[in-house]
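Biologist: Please take one part of this model and describe it closely. Then place that part within the chain as a whole.

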Amino acid sequence: ALSPDGLSVDLSGPIGTGSAERLRQVLDHAPQATTLRLDSPGGRLFEGEAIAREVRRRGLDTYAAGECSSACTLVLLAGHERLTTRWPHVGFHRASHPGPNGTEVAASRGLMQSYRAAGLSESFIARVRTVPSSAIWYPTLDELMANAIVTGLAPEAPPPVTAGSNAMHRR
């Protein structure tokens, strides 16, 4: 959805088949948009990568306004400036891919390569590799900033009612 002032686009909900194309269409009608606001539990890795490419191509800033987990983190990392609140809910885990044995390993390998390309440290990536696809690890704000996942804070907002930082939750 496009904001009333046309300067930001909201991407909310799961990232599913066709999400990248739908976002591209919205952005094509909003050339003045500078920020993509994120509130997504993630979803399809391929779609997340496609959205990330579009964000980079357009030089958009990203803002984790709510939940930004799994494939959504690829979109967050694509932003020129990457903002969150003081109470981030940015979550990481290994990729999952339904299919024969070994498919999840291949999907996770691709995700870790994307994280490397985004400049995440090997120690951070190693931590992500320990989190099964059925769980989410929420690093602290300090960890997000130290790894340049987040480059700044958005204006103050009340803390979310979700669990605390640096926690891991089962889905």
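Modeller: S70 is buried, because its relative accessible area is 12% and buried means under 20%, with exposed over 50% and partly exposed in between (1.4 Å probe, protein chains only). The model is a predicted one, in which local features need pLDDT of at least 70 and side-chain atom pairs count only at pLDDT 80 or more, while totals for chains, interfaces and linings use all residues. Numbering runs from 1 along each chain as its sequence is written, and side-chain values use heavy atoms, with hydrogens and water left out.

S70 is located in the loop between β3 (61–69) and α3; helices (H or I, at least four residues) and strands (E, at least two) are DSSP runs numbered from the N terminus. The backbone of S70 has a phi near 60°, which is positive although the residue is not glycine. A148 also has a positive phi without being glycine, in this case near 55°. A148 sits in the loop between α6 (141–146) and β7 (152–153), and with a relative accessible area of 39% it is partly exposed.

Setting aside neighbours within four places in sequence, Y115 has contacts (heavy atoms within 4.5 Å) with S70, T73, L74, L77, F92, L120, I125 and V128. Y115 counts as buried because its relative accessibility is 0%.

The whole structure contains four aromatic pairs, where rings of Phe, Tyr and Trp (its six-membered ring) pair if their centres lie within 6.5 Å, and planes under 30 degrees apart count as stacked, over 60 as edge-to-face and the rest as tilted. Among them is F92 with Y115, an edge-to-face pair at 5.6 Å between centres and 65° between planes. F92 belongs to the loop between β5 (89–91) and α4 (103–117), whereas Y115 belongs to helix α4, so this pair ties together parts 23 residues apart in sequence. F92 is likewise buried, because its relative accessibility is 0%.

Another of the pairs is F124 with W137, which is tilted, with 5.0 Å between centres and 40° between planes. Since F124 is in helix α5 (residues 122–129) and W137 in strand β6 (residues 135–138), the pair ties together parts 13 residues apart in sequence. F124 is buried at 4% relative accessibility, and W137 is buried at 3%. Ring pairs join F92, Y115, F124 and W137 into a cluster. R127 lies over the face of W137, 4.5 Å from the ring centre; the criterion is NZ of Lys or CZ of Arg within 6 Å of the ring centre and within 35 degrees of the ring normal.

Of its 171 residues, 44% count as buried. Among contacts between residues at least 6 apart in sequence, 70% join residues at least 24 apart. The accessible surface is about 8,500 Å², 55% of it belonging to carbon and sulfur atoms; areas come from the Shrake-Rupley method with a 1.4 Å probe, and for residues only the protein chains shown count as cover.
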